[in-house]
Amino acid sequence: MRNDQKVFVAGHTGLLGSAVAGRLIHDGWGNVVTRAHKELDLTRQADVEEFFKRERPEYVFLCAGLTGGIGVNKGFPAGFLHTNLAIQDNVFEASVKHGVHSLVFYASSCVYPKGCAQPMKESDILTGSMEETSEAYAIAKLAGLKACRAYNKQYGGNCFIALLPNSMYGPHDNFDTESSHVLAALIRKIHDAKIRRSSAVRLWGSGNPLREFVFSEDVASASVFALENAWRLDNDCYNVGSGQEASIKELAAKVAYAVGYKGEIEWDMHKPDGAARKLLDCARFNALGWRPSVSLEEGIKRTYDWFLSVHGRKEDGCLQVQPQP
Ligand SMILES: NC(=O)c1ccc[n+]([C@@H]2O[C@H](COP(=O)([O-])OP(=O)(O)OC[C@H]3O[C@@H](n4cnc5c(N)ncnc54)[C@H](OP(=O)(O)O)[C@@H]3O)[C@@H](O)[C@H]2O)c1
């Protein structure tokens with residue numbers, strides 16, 4: 001790989017895409033191509049075909065997709081299925097047709113069976129039924145990672161790389177009151193409580209479930225590492241995590257510390273908890289030599305700094321914290 005080669009970062013305005021584009025620019029890549037969603041809708045096959053024909057990128061990071069918490073997954077399953085399948089299919093086909101060297105695709109820990117033994121190994125995929133609330137999204141992601149395998153088999157080489165990051169967070173995350181993931185939702189709700197000078201903030205569930213969070217810039221560094229080491233990869237997906245597990249209660253305490261909120265944190269036990277634990281076994285990817293570098297405390301601080309820079313102190317929307325599927 002040479003850093004004058006053309007790279008397309010799809011979904012560069014999002015959580016992961018912004019981190020990947022930032023990482024490439026930081027590393028001296030001078031030919032990074034991006035298109036905002038409104039300029040190029042990746043679900044439109046003819047437009048994608050035209051874009052690849054004109055731009056001819058040599059590498060692709062497919063960070064575009066539809067993702068969100070349990071509420072939106074339950075409410076819009078067909079949208080999650082269709083959008084993700086269409087984006088993947090259009091970009092994969094155009095990549096083969098127009099000579100892309102390598103592409104990085106992102107699956108999700110939702111593809112693992114409900115009640116999977118912990119930590120979850122790549123070999124556990126398809127050994128049981130998925131969690132129903134995020135099934136449509138997970139089926140699209142599963143199709144994507146199996147498609148990577150199929151394209152590699154049919155066309156040769158390890159050109160299609162499937163990474164499976166655990167719950168991500170960081171700058172450019174979605175803090176929308178309806179559709180955000182758990183960590184962004186905690187930041188938003190605890191920030192709002194501080195601004196309103198509320199003596200207590202009420203969060204969903206028992207606070208007991210354990211989750212592993214990985215900072216978006218670490219997933220970006222894993223993505224570039226995977227591309228540079230494509231020749232050493234098996235034709236299979238790789239888990240990418242931080243190994244930093246925390247209960248939702250611990251997470252809320254860390255967020256409250258970063259936000260500077262001193263009120264009580266109460267737990268609404270009538271709300272669902274989601275899976276008790278979701279930890280990835282990243283031994284295969286880590287054995288190649290990659291390591292995460294951002295601690296949960298530092299990542300939360302940097303995410304909150306970004307939140308403040310964009311949403312400021314005046315935001316006063318309130319949101320219910322939903323468990324991540
Ligand atoms: N977030 C996580 O915890 C997590 C964990 C594992 C895997 N992943 C996967 O990683 C990828 C990136 O996730 P993320 O959290 O970075 O998502 P995100 O913040 O929501 O960003 C998604 C990006 O895709 C763009 N996009 C959506 N639909 C598009 C379309 N039809 N055409 C063109 N662009 C489109 C969005 O643009 P607009 O905002 O303008 O629509 C945005 O730039 C996704 O495939 C996701 O499934 C995420």
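**Notebook: loops, helices and the ligand shell**

I began with Arg56, which is partly exposed because 13 other C-beta atoms lie within 10 Å of its own; a residue counts as buried with 20 or more other C-beta atoms within 10 Å, as exposed with 12 or fewer, and as partly exposed in between, the C-beta atoms being placed from the backbone. I note that this is a predicted model, in which local features need pLDDT of at least 70 and side-chain atom pairs count only at pLDDT 80 or more, while totals for chains, interfaces and linings use all residues. Residues are numbered from 1 along each chain as its sequence is written.

**Backbone entries**

I placed Arg56 in the loop between H2 and strand S3 (59–62); helices (H or I, at least four residues) and strands (E, at least two) are DSSP runs numbered from the N terminus. Its phi is near 45 degrees, a positive value in a residue other than glycine.

I then looked up His172, another residue other than glycine with a positive phi, here near 70 degrees. His172 sits in the loop between S6 and helix H6 (182–195), and it is partly exposed because 18 other C-beta atoms lie within 10 Å.

Which form does the peptide bond from Gln118 to Pro119 take, cis or trans? I found it to be cis, with omega near -10 degrees, and Pro119 itself belongs to the loop between strand S4 (102–106) and H5.

**Two residues of H5**

I located Cys148 in helix H5, which covers residues 135–155, and Cys148 is buried because it has 26 other C-beta atoms within 10 Å. Leaving aside neighbours within four places in sequence, Cys148 is in contact with Phe105, Phe160, Ile161 and Ala162, contact meaning that the two C-beta atoms, placed from the backbone, lie within 7 Å. I also checked Asp236, which is 88 residues from Cys148 along the chain, and the two C-alpha atoms are separated by 8.1 Å.

Tyr137 also has its place in helix H5, and it counts as buried because 28 C-beta neighbours are inside 10 Å. Not counting residues up to four places away in sequence, Tyr137 touches Asn73, Phe80, Asn84 and Cys110. From Tyr137 to Val111 the sequence separation is 26 residues, and the C-alpha to C-alpha distance is 8.7 Å.

**The nonpolar core**

I next turned to the largest nonpolar core, which has 92 residues; such a core is a set of buried Ala, Val, Leu, Ile, Met, Phe, Trp, Tyr and Cys residues joined through C-beta atoms within 7 Å. The residues with the most contacts inside it are Ala10, Leu62, Phe105, Ala162, Leu163 and Val255. Of these I followed Val255, whose contacts, apart from neighbours within four places in sequence, are Leu186, Ile187, Ile190 and Ile300.

**H2 against H4**

The crossing of H2 past H4 is right-handed, the near helix being turned clockwise from the far one by less than a right angle. On the H2 side I listed Gln45, Val48, Glu49 and Phe52, which meet Asn90, Val91, Ala94 and Ser95 in H4. The residues of this contact divide into 4 nonpolar, 3 polar and 1 charged, with Ala, Val, Leu, Ile, Met, Phe, Trp, Tyr, Cys and Pro taken as nonpolar, Asp, Glu, Lys and Arg as charged, and the others, Gly among them, as polar.

**The ligand shell**

Which residues come nearest to the ligand? Of the 24 residues around it, I recorded Gly11, Gly14, Leu16, His37 and Gly65 as nearest, a residue being near if its C-beta atom, placed from the backbone, lies within 6 Å. Helix H1 (15–26), helix H4 (77–97) and strand S6 (167–169) each supply at least two residues of this shell, and H1 gives the most, with 3 residues. By class, I noted 10 nonpolar, 13 polar and 1 charged residues in the shell.
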